[in-house]
Amino acid sequence: MTARHWWIGATTCGVLVIAILVITLSPEPVDRPYAAIVDAIVSNVRAVPGLGWFDYDWLERLSNVVMFAPLGAIVTVLSGRWLAAVAVGLVLSSLVEIAQALLLPDRTASVSDVIANSAGAAIGGLIVVVVRGIRARARRRRGRH
């Protein structure tokens, strides 16, 4: 990785962390103004056969996973280590939940958020590992023929 690519990745990582902090440390949940839209999404998903169990809590967990996946991917690209993505996700998420518990009375800190956020970072990191493995295998195959 060139120095320029590293700086682009580090800047992207910084922007992602700032976005996560803005979303998670705003005084009130960011989805509150969009309650009608959120309710419609949940209702539409629940209407799909077999997804009647889906509710707001599942949507929130899924959103947490999706929010942290890009961070996990970038950390893995920058560090070359999938476990670094898990560690960054776990630490950042834990700090966010502690801040919510201590400083934001309209927010609810929860262990399930830490788990979902960490899982998102892990999934993002794993995607990078899998893509790198596929690319390396394709390069090896091209080299054999």
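These legends describe close-up views of a predicted protein model.

Residues are numbered from 1 along each chain as its sequence is written. In this predicted model, local features need pLDDT of at least 70, side-chain atom pairs count only at pLDDT 80 or more, totals for chains, interfaces and linings use all residues, and side-chain values use heavy atoms, with hydrogens and water left out.

**View 1**
The protein has five helices and zero strands, and from the N terminus on its elements run α-α-α-α-α. Helices (H or I, at least four residues) and strands (E, at least two) are DSSP runs, numbered from the N terminus. The C-alpha trace spans about 55 × 40 × 25 Å along its principal axes. Of the 145 residues, 29% count as buried; buried means under 20% relative accessible area, exposed over 50%, and partly exposed in between, with a 1.4 Å probe and protein chains only. The accessible surface comes to about 9,300 Å², and 70% of that area belongs to carbon and sulfur atoms. Accessible areas come from the Shrake-Rupley method with a 1.4 Å probe, and for residues only the protein chains shown count as cover. Among contacts with a separation of 6 or more, residues 24 or more positions apart account for 70%; a contact means heavy atoms within 4.5 Å.

Helix 1 covers residues 3-24, and its 22 residues should span 32 Å at 1.5 Å a residue; the end C-alpha atoms are 31 Å apart, which agrees. The expected span is 1.5 Å times one less than the number of residues. The buried residues of helix 1 are G9, C13, I20 and T24. They cover an arc of only 40° around the axis, which puts them on the same side of helix 1. The arc is that of the directions from the helix axis to the C-beta atoms. These buried residues pack against helix 3 and helix 4. On the face turned away from the buried side, helix 1 carries the exposed residues A3, R4, W7, V15, I18 and V22.

**View 1. The salt bridge between E28 and R32.**
How many salt bridges does a search of the whole structure find? The search finds one, where the side chains of E28 and R32 meet at 3.6 Å, N to O. A salt bridge is a side-chain nitrogen of Lys or Arg within 4 Å of a carboxyl oxygen of Asp or Glu. Side chains of opposite charge can pair when their charged atoms come close. E28 counts as partly exposed, at 36% relative accessibility, and R32 is partly exposed too, with a relative accessible area of 43%.

An α-helix has 3.6 residues a turn, so residues three or four places apart point the same way.

**View 2. A nonpolar patch on the surface.**
V91, L95, I98, L102 and L103 form a nonpolar patch with about 550 Å² of accessible area together. Patches are made of residues with over 30% relative accessible area and no salt bridge; like charges are joined within 9 Å, and nonpolar side chains (Val, Leu, Ile, Met, Phe, Trp, Tyr) within 5 Å. L95 is located in helix 4, residues 82-103, and is exposed, with a relative accessible area of 53%.

S93, in helix 4, is buried at 0% and is in contact with F68, D113, V114 and N117. A121 lies in helix 5 and is buried, with a relative accessible area of 1%; A121 touches F68, A69, G72, A85 and G89.
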